[in-house]
Amino acid sequence: MEFFTVNGVRLAVEVSGAPGARPLLLLHSGGSTRSSWDSVAPAFAGSHRVYAVDLRGYGDSDRPGAYSFELMRDDVLGLLDVLGADAVDVIGHSLGGTVSWLVAQERPGRVRRLVIEDSPPPRAGDLRGGPLGPPPEEELPFAWEALVAVMGQLADPDPAWWDRLGLVSARVLLLAGGAASHVPQELFAVAAGRLADARVVEIPVGHHIHREALAEFLAVVVPFLTGPE
């Protein structure tokens, strides 16, 4: 694990893979941390320099008290600056998927290939997010306030998140979890139609695809990220 200070926030990052290779960022879901990628990162040891990031408020990263998708986006872009990474590949799941969409919209030239795991871009009127109750009594590996903040944004998303999809220049692989997922599955095809280069692959195991179907996940993602330009 290494620490990188970005925008005054110290981010914890698990670094692995080939030094000097193309960077691959792994961005976790709202209920997990960078450790959720422990089974995925070794598959890219020979092709990428892998950075599994604890987003602000999560895992071993700082908990600054201010949380939003935009702040997390800016942290990721700042991390790319610190790393000196001009073009990267990104895999984002759920929360990390939404952050990935915003990163690819804000700096299109910096994301080469983008894998979105069961997280279509939020669109106004879709039923995602909403108010959360009190925090659970057990200790969590993240700040409850961070989850509350982003779930509130998902309930009332910024229309620009959907409207700016056309700015994404990366090749995009959209992994859909199928009927067992709580995410509106019809949005994957609609989103793909607004992108320059995208395809949808369904792995019908629900929202946590890489956890529930690792072999199937890697069978699609590895060739997508390691194939020719």
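The model is predicted.

**Sheet.** Eight strands make an open sheet with mixed pairing, ordered E1-E2-E4-E3-E5-E6-E7-E8. Strands E1 and E8 are the edges, each pairing on one side only. From one strand to the next, the twist averages 20 degrees. Strands of a sheet pair through backbone hydrogen bonds, either parallel or antiparallel. E3 and E5 take the parallel sense, over 4 bridges. Leu26 stands opposite Ile91 in E5.

| E1 | 2–6 |
| E8 | 198–202 |

**Helix on the sheet.** Helix H1 spans residues 69–83. H1 lies across E1, E2, E3, E4 and E5. Its angle to E1 is about 110 degrees.

**Arg112.** Is Arg112 buried or exposed? Its relative accessibility is 15%, under the 20% cut-off, so Arg112 counts as buried. Beyond neighbours within four places in sequence, Arg112 is in contact with Arg22, Val88, Asp89, Ala170, Arg171, Leu225 and Glu229.

**Largest pocket.** The volume of the largest pocket is about 340 Å³. Its lining counts 20 residues. Ser94, Met151, Leu154, His182 and His207 lie nearest the centre. By type, the lining has 8 nonpolar, 10 polar and 2 charged residues. Helices H2 (95–106) and H3 (144–155) each supply at least two lining residues. H3 gives the largest share, 4 residues.

Terms used. Residues are numbered from 1 along each chain as its sequence is written. This is a predicted model: local features need pLDDT of at least 70, side-chain atom pairs count only at pLDDT 80 or more; totals for chains, interfaces and linings use all residues. Side-chain values use heavy atoms; hydrogens and water are left out. Buried means under 20% relative accessible area, exposed over 50%, partly exposed in between (1.4 Å probe, protein chains only). Contact means heavy atoms within 4.5 Å. On a 1 Å grid over the protein atoms alone, a cavity is a set of points where a 1.4 Å probe fits but cannot get out, and a pocket is an open set with protein on both sides within 12 Å along at least five of seven lines; lining residues have an atom within 4 Å of a point. Grid points are joined across faces, edges and corners, and a volume is the space filled by probe spheres set on the points. Ala, Val, Leu, Ile, Met, Phe, Trp, Tyr, Cys and Pro count as nonpolar, Asp, Glu, Lys and Arg as charged, and the others, Gly among them, as polar. Two strands pair if DSSP finds at least two bridges between them. Axes are lines fitted to C-alpha atoms, for helices over the stretch in contact, and angles run from 0 to 180 degrees between N-to-C directions.
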